[in-house]
Amino acid sequence: MLKADLHIHTEYSYDCHNRLEDIVKRCQEIGINCLNVCDHDSVEGALRLKEMAPFEVIVGEEILTDHGEIMGLFLTERVPSHCTVTQAIEGIREQGGLVSVPHPFDNMARCGLGADVMLEILRELDLIEVFNARSPRTEYSQKSQEFARRYGLLGSAGSDAHTIGEIGNAYLQMPEFTTKAEFLNSLRKGEIQGQRASYLVHFASTWSKVKSRWSKST
């Protein structure tokens, strides 16, 4: 069985400074053996981690659209952000990737897509994130779970880790897989484990944003 944290970030995200070698070390310490690395507007960190990690790494990306964030999984190259929802989906499908929605109901500066937009693209969704350890309110995850049940969507979960200590805060226990089709079947059998992170973790990612902007201006 896998312990799969299906939402983490690396130093290739503008709001995170998690070094790749530290991510591998942390996962080995706590038994996480599958990651979906979905940096903002980048797949470089995911591709590099996939080469060096002794466990399964899915190459993903969080793509900022005009209505919120779309997540691509099983990508081979970056899908540019600051596009429409349709363009993001097309960019994912062109690579044969899977389409997901991270923290879909988070509306506190977290770029949740929301029910109205998700209903418009329902046929394009392969899965949605139903538990995100960084979601500040439990009702957001509850709404995501209810939406997935109502419309027959698969649900994923992840820590949304922007710091090393957050990795594994949320994960799925699921069977091993080798293909995208097997991944979806394994996800269907998965069990969500974990707990919400302290709200204080958001200060760490905010500080990372400040440092990134400062370094670019100097």
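Phe74, at 19% relative accessibility, counts as buried, because the cut-off for that class is under 20%. This residue of the predicted model is placed in the loop between β4 (69-73) and α3 (85-93), and although Phe74 is not a glycine, its phi is positive, at about 65°. The loop between β4 and α3 also holds His82, a residue other than glycine whose phi is likewise positive, near 60°. His82, however, counts as exposed, because its relative accessibility is 69%, and the cut-off for that class is over 50%.

The protein as a whole can be described next. Its 218 residues include 54% that count as buried, and the protein contains 7 helices and 9 strands. If contacts between residues at least 6 apart in sequence are considered, 63% of them join residues that are at least 24 apart.

Two of the helices can be followed in some detail. Packed helices are described by the angle between their axes and by the distance between those axes. For helix α1 (residues 20-30) and helix α2 (residues 44-52), the axes come within 10 Å and cross at roughly 55°, and α1 and α2 are therefore oblique to each other. The crossing in which α1 passes α2 is right-handed. On the side of α1 the contact is made by Leu20, Glu21, Ile23 and Val24, and on the side of α2 by Gly45, Arg48, Leu49 and Met52.

Strand β3 (residues 56-64) contains Val57, which counts as buried because its relative accessibility is 1%. Leaving aside residues up to four places away in sequence, Val57 touches Leu35, Val37, Ala46, Leu49 and Lys50; one of these, Leu49, also belongs to the α2 side of the contact with α1. Val57 and Ala4 are 53 residues apart in sequence, while their C-alpha atoms are 9.4 Å apart in space.

His40 is found in strand β2 (residues 34-40) and counts as buried, because its relative accessibility is 11%.

Strand β7 (residues 154-158) is the place of Gly155. Along the chain Gly155 and Leu127 are 28 residues apart, and their C-alpha atoms are separated by 5.6 Å. Not counting residues up to four places away in sequence, Gly155 touches Ile128, Val130, Leu172 and Leu187.

| Residue | Relative accessibility | Class |
|---|---|---|
| Val57 | 1% | buried |
| His40 | 11% | buried |
| Phe74 | 19% | buried |
| His82 | 69% | exposed |

Definitions and conventions. Residues are numbered from 1 along each chain as its sequence is written. This is a predicted model: local features need pLDDT of at least 70, side-chain atom pairs count only at pLDDT 80 or more; totals for chains, interfaces and linings use all residues. Side-chain values use heavy atoms; hydrogens and water are left out. Helices (H or I, at least four residues) and strands (E, at least two) are DSSP runs, numbered from the N terminus. Buried means under 20% relative accessible area, exposed over 50%, partly exposed in between (1.4 Å probe, protein chains only). Axes are lines fitted to C-alpha atoms, for helices over the stretch in contact, and angles run from 0 to 180 degrees between N-to-C directions. Angles under 35 degrees count as roughly parallel, over 145 as roughly antiparallel, 65 to 115 as roughly perpendicular and the rest as oblique. A crossing is left-handed if the near helix is turned anticlockwise from the far one by less than a right angle, and right-handed if clockwise. Contact means heavy atoms within 4.5 Å.
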